[in-house]
Amino acid sequence: MYLDRLEFKNDLLKTFDPRCRLASGAVFIFAVLYITNTILLACLTVSLILLLFRDIKALLPRLSALNLFCAMLFVTMPLGGEPLSAALLYTLRVNAAALLSMLFVVSMGIGNLIPALSKLRVPEKLVSLLMLTYRYLFVIHRQVFYSVLSMRLRRPRETVTMTWRSYAAAFASVLAGAFFRSRKVTLAARARGFDGAFPLTRTLKWKTRDSLACAGAALAAILLLVINAMLAGGM
Amino acid sequence: MRREKGRNMHISEGVLSGPLIAAGWGLALAGLGAGLKKTQAEKLTETALVSSALFLVSLVHVPLGPSSIHLTMLGLAGILLGWSAVPALFVALLLQGILLQFGGLLSLGVNTAIMGSAALSSYALWYLLGGRFGFAAAFGCGFIAVITGSALVTLSLFLSAKDLFSTAALIFAANLPLALVEGIVTAFCVVTLKRLLPQYVSGQAGI
């Protein structure tokens, strides 16, 4: 899992409210969905990579999973009678959307995302669930790793079914461990006066610059669509 | 943990059309509302821990012939969590998007609706059979979850753009044998869990 943060050439975005970043990111990604000009998308994708991301070598593996899907498009779409240019359009769109998502959302980290969601009136249960799930990912990660490793060292290599059975037993042991741990955590929390609510210490203050940034993002998205329309019209 | 490659049950950002994204979010919000209502506050820690465990387990390579696959564990999520599987999967998908760049921000709604429906189909089957048929029922739950998920992914891609039909059909066909593996692993998992934690796989409502 990528626990290390993405590095950007400019940290200006970090100075904005996380809610502003979420809204701006959503607006840009939505605009990208409606761009039909391949050259415009290619320029956008390349610009995002070159101008914003500091370490391109670290960036490319993050895009590998979605580019596997894109590679599949290049194979399946011609089989379905569609031109390769359509596959290229989807590839660029998917990559541009992923880069925008990394820029606006992924880079803010869970520490900023959780207070932003809380301030956006996302139900408290869901925010608490996100917080707890993220918290315990790192605890259970070790358990999964050692459980699967010990299973791989011990399992008999007789049949495929026995192999799957061994994996299933390893997964079941991890899940059982998770259940037992959750009981201990719940009792410990109750003993400390936990009442079901997790108070958030991080406060967010919406400033005028955040409103201006959102307006700017909306205008930029509209400009992209206008340029797309002009290019499509052949002007 | 090294970088893992996922199966195509997550729809990436930039593929789905605007109306489908809106519809996906509508369904996801409805499912989240129902799921959160049925999740008791004192069971949040259990739900979170099971969600974390399923998230991590789905990243493990399981051998299949000369290659290996990742299981979705949607069937197991439905059996163990019931309606709580929808918010748990929403959180897991959000974290996958943030940590692994699987899926996306706008497509989160559609992905949640698809995965949630798959888990709920498994839960419905498990609830109906009441856990009486043990191995066979659990196999059915794992199998049906993957089939439901794949069918919904195929439908989403097709509804988004007609030119994605061949890709959508390939994704569905590719997931058919994987559904068998998922069913078998889910069945063995449930049989083991029945010995360790029988109250959580009794066939009554999930957590």
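**View 1. The lining of the second largest cavity draws on α5 of chain A and α4 of chain B, each of which supplies at least two residues.** Helices are DSSP runs of H or I with at least four residues, numbered from the N terminus. The model is predicted, so local features need pLDDT of at least 70 and side-chain atom pairs count only at pLDDT 80 or more, whereas totals for chains, interfaces and linings use all residues. Residues are numbered from 1 along each chain as its sequence is written, chains are lettered from A in the order in which they are written, and side-chain values use heavy atoms, with hydrogens and water left out. The largest share of this lining, 4 residues, belongs to α4(B).

**View 2. The second largest cavity has a volume of about 140 Å³.** Of its 14 lining residues, A:Ser101, A:Val106, B:Gly97, B:Gly104 and B:Leu105 are the closest to its centre. On a 1 Å grid over the protein atoms alone, a cavity is a set of points where a 1.4 Å probe fits but cannot get out, and lining residues have an atom within 4 Å of a point. Grid points are joined across faces, edges and corners, and a volume is the space filled by probe spheres set on the points. By class, the lining comprises 8 nonpolar, 5 polar and 1 charged residues. Ala, Val, Leu, Ile, Met, Phe, Trp, Tyr, Cys and Pro count as nonpolar, Asp, Glu, Lys and Arg as charged, and the others, Gly among them, as polar.

**View 3. The largest pocket holds about 480 Å³ of space.** A pocket is an open set of points with protein on both sides within 12 Å along at least five of seven lines. Among its 23 lining residues, A:Leu117, A:Leu120, A:Val122, B:Trp25 and B:Phe90 lie nearest the centre. At least two lining residues come from each of α1, α6 and α7 of chain A and α1 (18–38) and α4 (85–100) of chain B; α1(B) gives the largest share, 5 residues. The lining has 21 nonpolar, 1 polar and 1 charged residues.

**View 4. In the interface, 69 residues of chain A are in contact with 75 residues of chain B.** Contact means heavy atoms within 4.5 Å. The area buried between the chains is about 6,700 Å², with 79% given by carbon and sulfur atoms; buried area is the accessible area (1.4 Å probe) that two parts lose on being put together, summed over both.
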